[in-house]
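Colleague: Before I use this model, I would like to go through the labels attached to it. Please give the criterion each time.

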Amino acid sequence: MVVAFLQGRQCYGTGVGEDTMTPNETVTSPSDRLRPLMRVRQVRDHTDEPVSVAELDAIADVARWSGSSRNSQPWRFIVIREERTLRAIGDAGMPQTRSFHTATAGIAIVMPSDPAHGVGDAYDEGRAAERILIAASLLGLGAAISWIRSDVRAAIAELLALPSDQYVRTVVALGHPTAAGQQPKAAPGTARLPREEVVFEELWPAR
Ligand SMILES: Cc1cc2nc3c(=O)[nH]c(=O)nc-3n(C[C@H](O)[C@H](O)[C@H](O)COP(=O)(O)O)c2cc1C
């Protein structure tokens with residue numbers, strides 16, 4: 001398995017794979033190596049196949065290992081598998097929560113209601129959310145962010161039995177992707193701005 005994973009990669013001084021590779025083996029480009037990250041997209045339609053407990057445990061571990069400002073780890077994560085709860089989240093926050101109409105699991109990122117750290121907490125929360133998406137994608141699962149609007153937060157807090165000093169703004173829907181869920185949502189080449197409009201060298205470009 002490890003050998004298969006390393007095929008096509010060259011490892012320099014990491015200790016990983018040095019036994020299994022020779023310097024002349026195929027060196028794939030940085031872009032090729034990072035392609036799994038480029039494939040992390042929102043998947044909002046899932047099959048009935050459950051996400052396993054082992055998969056959820058592994059994803060939750062990735063989430064809790066996210067870096068945070070001053071390593072404050074302001075989050076708590078609620079792993080949700082109860083279909084009733086998943087569908088109730090879906091109904092409560094439409095249209096943002098539509099992924100929960102098919103999700104077979106979800107992870108709520110619970111944050112402290114602390115206005116003094118609002119921006120920093122939001123930054124940390126975003127990092128954790130993205131890592132959940134990446135972890136799910138690497139496991140072949142489909143994940144999608146659901147933003148819980150402020151008018152929906154009380155309903156979600158009740159569903160998840162949150163104490164009054166905690167709230168949920170992000171819930172990530174998880175499941176096995178359907179073919180439809182994996183379909184591109186934009187015309188080819190239009191899902192992101194062209195590179196030249198986004199990435200600059202050294203200076204902001206002169207007009
Ligand atoms: C802060 C934030 C909030 C988002 N809220 C929602 C949401 O409420 N519901 C949803 O389905 N997707 C939500 N998304 C996902 C975006 O729609 C998605 O990242 C964007 O459309 C790009 O999708 P793609 O990576 O599949 O191309 C959110 C993403 C971010 C970063």
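Colleague: What percentage of the residues of the protein chain count as buried?

Modeller: Of its 207 residues, 26% count as buried. The term requires 20 or more other C-beta atoms within 10 Å of the residue's own; 12 or fewer makes a residue exposed, anything in between partly exposed, and C-beta atoms are placed from the backbone. This is a predicted model, in which local features need pLDDT of at least 70 and side-chain atom pairs count only at pLDDT 80 or more, while totals for chains, interfaces and linings use all residues. Residues are numbered from 1 along each chain as its sequence is written.

Colleague: Why is threonine 85 called partly exposed?

Modeller: Threonine 85 has 17 other C-beta atoms within 10 Å.

Colleague: Where is threonine 85, and which residues is it in contact with, leaving aside its neighbours within four places in sequence?

Modeller: Threonine 85 is in helix α4; helices are DSSP runs of H or I with at least four residues, strands are runs of E with at least two, and both are numbered from the N terminus. With those neighbours left aside, its contacts are Ile80 and Leu159, where contact means C-beta atoms, placed from the backbone, within 7 Å.

Colleague: Why does alanine 161 count as exposed?

Modeller: Alanine 161 has 7 other C-beta atoms within 10 Å, and the limit is 12 or fewer, so it is exposed. The residue is in the loop between α6 (153–159) and β4 (166–175).

Colleague: What makes glutamine 73 partly exposed?

Modeller: Glutamine 73 has 14 C-beta neighbours inside 10 Å, which is above the exposed limit and below the buried one, so it counts as partly exposed. Glutamine 73 lies in the loop between α3 (53–64) and β1 (76–80), and has a positive phi of about 45° although it is not a glycine.

Colleague: What kind of peptide bond joins methionine 94 and proline 95?

Modeller: The bond is cis, with omega about 0°. Proline 95 is in the loop between α4 (83–92) and β2 (105–112).

Colleague: How many helices and strands does the protein chain have?

Modeller: There are eight helices and four strands, in the order α-α-α-β-α-β-α-β-α-β-α-α along the sequence.

Notes. Contact = placed C-beta atoms within 7 Å.
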